[in-house]
Amino acid sequence: MYRFASSMDQKRSDLDDQLKEYINEWRKQRSKEEDELKKLKEKQAKRKVTRAEEEQKMAQRKKEEEERRVREVEEKKQREIEEKRQRLEEAERKRQAMIQAMKDKDKKGPNFTIAKKEGVLGLSSAAMERNKTKEQLEEEKKISLSFRIKPLSLDGMGENSLREKAQELWETIVKLETEKYDLEERQKRQDYDLKELKERQKQQLRHKALKKGLDPEALTG
């Protein structure tokens, strides 16, 4: 009986040892799997960070490229505006010189010389103006006004200074209206002179046709 009990204790002890060994082996395997899983997660996290950095760099490159494109378009637009402004300034100087020459000429009395100005491809200035779109004319008007009309500086001006400035502006308006009236009157005189000149030319052609024995209107066409 004692031997049987001793044998059973030995078997239980052996089973316990086997169970402990199995449990230890399972723990080692589990620990190994957990380490591998941890390394895999760390690797995935690194790849995710790397991918996020690459996407951020790509987004930054796209942003810089878009900003560069917008900047180039804006610089080109500014260059075109500046070139147009310079052309308009030159045209304004010529216009002012022409107005002054017309004023000087008016002082010498009427004349029947009709100046004929032609632009590109034989078009007159008036025809060229008519061929411009409404947007082009509006843009040129804004640019022209930007350097013909200087902005008012009223900061720090008292009541008397404001009155003087208002009087100065009123005198400028009167002067411009006077110049406008003079130009309109001169245009009327030119139209009348041109009409009279054409009539004289017709009379000369009729006289010439009669001398040649032709119909009076033969040469007027």
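Start with R68 and E72. Both sit in helix α1, four residues apart, about one turn of the helix. Helices here are DSSP runs of H or I, at least four residues, numbered from the N terminus. The R68 and E72 side chains meet in a salt bridge, 2.5 Å from N to O. By salt bridge I mean a side-chain nitrogen of Lys or Arg within 4 Å of a carboxyl oxygen of Asp or Glu.

A word on the source. This is a predicted model, where local features need pLDDT of at least 70, side-chain atom pairs count only at pLDDT 80 or more, and totals for chains, interfaces and linings use all residues. Residues are numbered from 1 along each chain as its sequence is written, and side-chain values use heavy atoms, with hydrogens and water left out.

Back to the pair. R68 is partly exposed at 31% relative accessibility, and E72 is partly exposed at 41%. Partly exposed lies between buried, under 20% relative accessible area, and exposed, over 50%, with a 1.4 Å probe and protein chains only. E65 joins R68 and E72 in a network of salt bridges.

Also in α1, E66 and R69 are three residues apart, about one turn of the helix. Their side chains form a salt bridge at 2.7 Å, N to O. E66 is partly exposed at 40%, and R69 likewise counts as partly exposed, at 42%.

How many salt bridges does a search of the whole structure find? Nine.

Now α4. E196 and R200 are four residues apart there, so about one helical turn separates them. They form a salt bridge, with the closest N and O atoms 3.0 Å apart. E196 is partly exposed at 23%; R200 is too, at 43%. Which residues of α4 are buried? R186, D193 and A209.

Check the length of α4. Its 53 residues should span 78 Å at 1.5 Å a residue, and the end C-alpha atoms are 77 Å apart, which agrees. The expected span is 1.5 Å times one less than the number of residues. After α4 comes G213, with a positive phi near 75 degrees.

Last, confidence. pLDDT is the predictor's confidence in each residue, from 0 to 100. The chain averages 78, and 79% of the residues score at least 70. Helix α4, residues 159–211, is highest at 87; helix α2, residues 125–131, is lowest, at a mean of 57. Over residues 110–123, pLDDT stays under 50. Where pLDDT is low, the predicted coordinates should not be read in detail.

Note on methods: Helices (H or I, at least four residues) and strands (E, at least two) are DSSP runs, numbered from the N terminus. Contact means heavy atoms within 4.5 Å.
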